[in-house]
Amino acid sequence: MDAHPVDPPTLSWPGGPALRQVAAAVRYRFGGTPQTLTLTEPDRPVAGPGLQAVWRWESVPNGYRLWLELTATGETPVTLETADVLTGPAPDLGAPLPTWRVYQNGWQSWSPTFARHMSDSIYADPGTPEYRAAHQPHWEPDYDGLISSEWVTVLFAPPAQALLLGFVTTKDQLAEIRLRSDGSELTARCHLDSVLLSPGASLRTEILHLEAGPDPLRLLETWAEMPHLSPSGFAATPFPLLTEGQEREGGRGWGEGPVPTGWCTWYYFYGENTADDVLENLRAITEHRLPLDVILIDDGYQTAIGDWFSINPDKFPDGMEPVAEAVRAAGHRLGIWTAPFGAAATSELFVAHPDWVVRDDEGNPVVGWVHWGVPCYALDTTHPEVLAWLGETFRRMRREWGATFFKIDFLFAAARPGRRHDPTATRAQALRRGVEAIRAAIGDDAFLLGCGAPLGPCIGLVDGMRIGTDVDPNWHPIFRYDLSAASTENALRNAITRAPFHNRLWLNDPDCLLVRQRGPDLDLVLNEMRTLTAVIALLGGLTLNSDNLPLIRPGRLKYLRQALPPTGVSARPLDLFEHEMPRLLLLPVERDWGRWWVAGVINWEDGTVQTTVRLADLGLPPGRYHVFHYWRRRYLGVTDDAVVLARHQPHETAVLLFKPVSDRPDLLTTTFHVCQGAVEVTDCRWDEATGLLSVGLEKAGQQFGEVWLTVPPPWEAVEVRVDGRRSPWVSPAPGLLRAGLMLEGRAEFTATFRKSL
Ligand code: 9PG
């Protein structure tokens with residue numbers, strides 16, 4: 001579909017959406033008086049008191065790009081409030097608005113994200129001041145009836161009209177797309193946060209990209225891949241199928257380095273860990289040969305937010321150095337958590353530098369957030385001394401502790417509203433300057449993980465991004481029923497709904513994997529723990545465990561191993577625009593020796609249901625497929641139509657492998673990894689003349705698992721060898737062969753077949 005130039009003020013696509021009566025608007029103050037400029041034509045300057053604005057339109061394949069250019073023309077500065085690069089009534093999508101699904105992207109890492117059903121949405125946010133401060137940066141009294149999505153949205157009118165509105169630049173202004181639920185308004189707004197524009201100075205708003213198409217998920221993936229969003233040095237990988245020999249060694253940034261694995265102190269100890277706890281976990285990782293790289297010391301080692309080198313002597317009696325040294329000596333990377341843009345009211349930092357924090361109109365320090373009961377003021381990251389202090393803090397952590405992985409948390413504090421040292425800096429620019437100072441200090445080869453982070457201004461600076469709320473020992477939230485509250489269910493929602501960002505804007509961090517047995521410190525039942533494992537493994541992002549490993553029942557470690565290493569590639573949430581809690585993840589895998597699909601089918605219900613999975617819903621090419629039910633280790637036979645899960649248990653994820661039927665012996669699956677061959681199978685060769693099937697296996701650590709083969713008639717198995725030694729096998733069903741092995745590094749698995757008479 002090609003967008004054609006049209007007479008303003010309409011933006012339209014042949015046979016597709018139309019936005020009629022569109023305009024742009026700028027709100028500002030000049031000489032203390034509020035002003036509004038309205039623009040209804042591209043490229044024609046419009047002037048008001050003290051300000052001139054030009055509305056730019058550009059046609060691009062399948063769509064348009066819109067932005068505004070503002071110049072201060074008076075003798076005194078103007079105070080800029082908002083710039084609507086597009087405003088008008090809701091578009092015509094060929095179907096009434098109550099039938100639409102609207103992708104609502106939250107502001108920061110923990111903010112709820114999902115495709116809202118306009119007529120029957122599940123979610124009403126709690127509306128508390130705390131919720132607004134953390135998740136609704138543009139809240140105002142007329143927010144009722146308004147849907148706001150930060151930076152990007154997709155409006156989808158089933159079955160096949162979708163319109164994406166997404167900013168493709170995000171460094172300078174917070175930007176949202178607002179839709180009034182009665183259809184009276186659709187606005188793409190850039191927030192200028194009352195910054196001053198000096199006489200003669202100009203600025204450009206962020207650039208809005210509009211694109212129409214039949215597939216809303218694909219539109220979102222395409223947007224996330226746009227080059228503007230990945231500044232140089234962080235080139236986005238174009239939507240990759242997992243292809244053979246994907247190198248993930250060394251290199252800088254996420255574009256080249258491996259997807260991190262590791263262990264994190266937080267979700268067992270919750271900050272109460274001592275140095276010995278860390279060292280004991282380090283030993284357990286070595287002893288169990290767990291392929292976990294980063295040892296992440298999360299919150300709790302410091303005496304106060306802001307005093308990062310004041311180490312709590314009750315927990316780390318000898319300081320951080322000996323722990324850091326032990327981590328490095330064991331061949332691991334040291335990870336350090338900070339909340340770099342906060343200063344606890346009780347911190348030495350704040351006492352020494354009360355002028356380093358953002359202030360409100362009355363001159364009081366602005367609270368960034370309340371950290372486990374302690375108010376933390378928002379640091380003013382436009383203040384040169386703050387930026388210098390940030391640089392020194394992170395250089396020291398790298399130099400003195402050897403940290404090379406940095407989780408920087410509660411980043412939204414730097415973007416709290418208020419007065420700053422530099423009155424021309426927006427909230428987005430202030431935040432970005434802070435993150436830039438940290439990136440410059442740690443170097444390009446260290447891994448930077450954003451958390452509690454407004455997403456847009458961090459693009460290109462962070463390697464990884466937490467994209468959801470905290471995981472939790474509970475499935476449903478225990479304290480508050482809002483979608484941002486810590487819970488496994490809430491963490492998984494965002495991990496899935498923001499899956500299209502993975503490998504495009506950064507590497508997604510779905511938060512930690514917990515596999516410990518049910519007990520006082522974990523309330524997940526087996527199906528829930530397996531769902532957490534399956535979803536994290538299928539999404540292919542950061543994979544950090546957060547159990548107390550010396551105490552874990554060793555049998556539980558097999559779950560952790562089945563999620564390692566991450567594939568680096570995300571499964572696609574196929575029903576993102578159908579269900580507010582998507583149920584269907586699909587990972588296509590393509591290799592020289594074959595092609596298969598791994599589907600994660602999730603039951604979010606609290607009761608057992610019957611679920612039908614159709615090949616057509618998965619978009620698989622027509623044909624006959626073997627189906628394997630991963631967690632149940634059960635072969636479900638061959639289908640050319642659908643699989644029925646008669647008893648799909650509460651919170652159970654059925655991981656189903658679909659492998660095209662072959663007329664000669666072939667690899668069905670292995671049980672070493674949820675993605676079933678995507679990481680541990682290095683090659684698979686069949687020699688018809690000798691009847692030999694060889695499967696190369698490789699995986700770090702030590703793990704028992706099974707290889708399953710399909711054996712169609714007239715073939716029958718003669719023998720199985722592992723690294724040349726004969727090995728036992730069984731036939732769990734006609735036409736199937738199964739053999740177990742202990743994999744330590746590499747193994748060559750071979751099976752010999754003959755034709756029966
Ligand atoms: C450490 C933790 C962990 C975790 C982070 C972050 O009060 N709150 O709203 C709140 C939200 C998130 C949160 C803590 C408190 O968790 O996501 O991984 O690092 O900080 O304190």
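This is a predicted model: local features need pLDDT of at least 70, side-chain atom pairs count only at pLDDT 80 or more; totals for chains, interfaces and linings use all residues.
Residues are numbered from 1 along each chain as its sequence is written, and side-chain values use heavy atoms, with hydrogens and water left out.

The protein contains 13 helices and 42 strands, where helices (H or I, at least four residues) and strands (E, at least two) are DSSP runs numbered from the N terminus. Its radius of gyration, taken over C-alpha atoms, is 27 Å, close to the 27 Å that the globule rule (2.2 Å times the number of residues to the power 0.38) gives for 757 residues, so the protein is as compact as a globular protein of that length. Along the principal axes, the C-alpha trace spans about 95 × 70 × 45 Å. Of the 757 residues, 62% are buried, meaning under 20% relative accessible area with a 1.4 Å probe, protein chains only.

Helix H9, residues 427-442, reaches 23 Å from its first C-alpha to its last, close to the 22 Å expected at 1.5 Å a residue, the expected span being 1.5 Å times one less than the number of residues. H9 is mostly covered, with 12 of its 16 residues buried, among them Arg427, Leu431, Val435 and Ile442. These buried residues pack against helix H8 (384-401) and against strands including E14 (174-180) and E25 (447-450), contact meaning heavy atoms within 4.5 Å. After H9 comes Gly443, whose phi is positive, near 90 degrees.

Technical notes: Buried means under 20% relative accessible area, exposed over 50%, partly exposed in between (1.4 Å probe, protein chains only).
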